[in-house]
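Subject: Structure for you to look over

Hi,

Here is the structure I promised. Please open it first, then read my notes below.

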Amino acid sequence: MSQIEIIEKPLPAVRLAARRTVVADQPEVASVVGPSFDAVSQIIGDERGTLETPVALYETVEDGLQVIAGYAYTGPARDGFEIIELPAVENAVCGVHLGSMEHIAESWQALHAEIFARGLVHSGPCRELYVRAISEDQSDWVTELQQPVRRG
């Protein structure tokens, strides 16, 4: 299991310019996240540093897994994306995944094990904040995993 430092903290509200997609199962996620970020970034460009805060949200829904991928954004709505308001979260368990997305499931497993060990339960969709996601090989990527929780 991945060794990551795990902390509890509040999460701020975030207004996203994003695309929403529902996939049937987990293996399909990679095929929609990157293209969703690319599509939104082509529309908004880098207005006021917008592209510096990419966020993805994952939530189980009736038809599969809902994936929301976009950027923190204060501008107007436009064709090609929707405005999605992520509420502030009072308490979340968070950890940092370093490197390739190929191994991110291990970091999520470590985070979920810690949630269980602390007697907490999920209280909302999980988020990934891509702190650094530049290189093609993903070796230097930094991704903060964020799971809203409440006392069990």
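**Gln 66 and its surroundings**

The side chain of Gln 66 makes a polar contact with the side chain of Arg 20, at 3.2 Å. A polar contact here is a pair of N or O atoms within 3.5 Å; within protein, one must be able to donate a hydrogen and the other to accept it, and residues adjacent in sequence count only if both atoms are side-chain atoms.

Some ground rules. This is a predicted model: local features need pLDDT of at least 70, side-chain atom pairs count only at pLDDT 80 or more, and totals for chains, interfaces and linings use all residues. Residues are numbered from 1 along each chain as its sequence is written, and side-chain values use heavy atoms, with hydrogens and water left out.

Back to Gln 66. It sits in strand S4. Strands (E, at least two residues) and helices (H or I, at least four) are DSSP runs, numbered from the N terminus. Gln 66 counts as buried because its relative accessible area is 11%. Buried means under 20%, exposed over 50%, and partly exposed in between (1.4 Å probe, protein chains only). Leaving out residues up to four places away in sequence, Gln 66 touches Arg 20, Thr 21, Val 22, Leu 57, Tyr 58, Glu 59 and Val 61. Touching means heavy atoms within 4.5 Å.

**Ile 84**

Ile 84 lies in strand S5, residues 82-86. It is buried, at 6% relative accessible area. Among the residues that Ile 84 touches, not counting those up to four places away in sequence, are Arg 20 and Ile 68.

**The largest pocket**

The volume of the largest pocket is about 1100 Å³. On a 1 Å grid over the protein atoms alone, a pocket is an open set of points where a 1.4 Å probe fits, with protein on both sides within 12 Å along at least five of seven lines; lining residues have an atom within 4 Å of a point. Grid points are joined across faces, edges and corners, and the volume is the space filled by probe spheres set on the points.

Its lining has 36 residues. Val 33, Tyr 58, Met 101, Glu 128 and Tyr 130 lie nearest the centre. Two or more residues each come from H1 (29-44), S3 (54-61), S4 (64-72), H2 (104-117) and S8 (126-132). H1 gives the largest share, 6 residues. By type, the lining splits into 21 nonpolar, 9 polar and 6 charged. Nonpolar covers Ala, Val, Leu, Ile, Met, Phe, Trp, Tyr, Cys and Pro; charged covers Asp, Glu, Lys and Arg; the others, Gly among them, are polar.

**Strand pairing**

S3 and S8 run antiparallel, joined by 4 bridges. Two strands pair if DSSP finds at least two bridges between them. Val 55 stands opposite Leu 129 in S8. S8 is also joined to S9 (residues 142-151) by 5 bridges, again antiparallel. There, Glu 128 has Leu 145 in S9 as its bridge partner.

**Two more residues**

Glu 114 is in helix H2. It is partly exposed, at 27% relative accessible area. Its side chain makes a polar contact with the side chain of Arg 118, at 2.7 Å.

Gln 138 is in the loop between S8 and S9. Its phi is near 65°, a positive value in a residue other than glycine.

Best wishes
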